[in-house]
Amino acid sequence: MPIAVGENDGVTGDHYFTPTPGSAARPREIAFSAGGREYALASSTGVFSADRLDPGTAVLLRKAPLPGDDATGTFLDIGCGYGPITSVLAVGAPRVRVVAVDVNERARALAEQNMATLGVADRVVVAAPDDVDPALRFDQIWSNPPIHVGKAELHDLLLHWLPRLTPDGTAWLVVARHLGSDSLADWLGGQGFPTVKHASQKGFRVLRVAAASR
Ligand SMILES: C[S@@+](CC[C@H](N)C(=O)[O-])C[C@H]1O[C@@H](n2cnc3c(N)ncnc32)[C@H](O)[C@@H]1O
């Protein structure tokens, strides 16, 4: 039975955003293609969408413009999980540095392992959110954000990171329509972040969010 976006992994009883999953790690591999490349990433019980590429993440990687050889700067992946978005950014854009944050330490360990396997660990920092230098600014932010933490916490999370976009920076977010993508878009606009519904597919919206004007 495929795992739906936002559900826990159905095996351990841990929520995917548990900082320290209590269950034994059961390794598995997730294979997918994005941007014309094939990926085979290590995953495990106790992390979000442990058994397959999350369908929302798949929509984000299909519909948002993936950076390529010409891209430069520092990108952020909020809630990196085992690292599917970070992998695609780091492999597809060899001049970009990526900061990948997650509260789940098992997810961070898997993301680090995957970056080493892909040979991009020298350009990717996987960190707990509180360990990121507050002075760092991001040219792009990518996220399949943790909707199930609740609206207030999600808003806090976005208000923590989005002000760190560079003035010309862009954030690409994917949110399920039934989990409030359109009201989130309205809320972001109301907070001063110009937000466009960039694409829709399979019940997900990809939002393009610009930096707030100062
Ligand atoms: C919807 S999942 C996406 C995971 C991964 N990017 C993917 O596409 O498979 C959201 C992730 O956010 C993480 N998360 C929850 N609260 C967070 C927070 N306050 N800061 C950073 N990450 C958080 C969860 O542990 C989870 O891995």
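Predicted model: local features only at pLDDT ≥ 70, side-chain atom pairs only at ≥ 80, totals over all residues.
User: Which residues of α4 are called buried, and what cut-off does the word carry?

Analyst: Helix α4 covers residues 151-161, and L154, H155, L158 and W161 are buried there. The term requires under 20% relative accessible area.

User: How do you know that the buried residues of α4 line one face of the helix?

Analyst: Viewed down the axis of α4, the buried residues fall within an arc of 140 degrees, so they line one face. Their packing partners are β3 (73-78), β4 (96-101), β6 (138-143), β7 (165-176) and α5 (181-190).

User: Why is K202 called exposed?

Analyst: The relative accessibility of K202 is 65%. The cut-off for exposed is over 50%, so K202 counts as exposed. K202 is placed in the loop between β8 (195-201) and β9 (204-210). Its C-alpha is 8.3 Å from that of G56, although 146 residues separate K202 and G56 in sequence.

User: What makes F32 stand out in the largest nonpolar core?

Analyst: That core has 40 residues, and F32, L60, W142 and V206 touch the most other members. Apart from neighbours within four places in sequence, F32 is in contact with residues including L41, L53, L61 and V88. A second, separate core of 25 residues includes W161, W187, L207 and V209.

Notes. Residues numbered from 1 in each chain as written. Heavy atoms only, no water. Core = buried A, V, L, I, M, F, W, Y, C linked by side-chain atoms within 4.5 Å. Buried < 20%, exposed > 50% of the residue type's maximum accessible area, 1.4 Å probe, protein only. Contact = heavy atoms within 4.5 Å. Helix = DSSP H or I, 4+ residues; strand = E, 2+ residues; numbered from the N terminus. Arc of directions from axis to C-beta.
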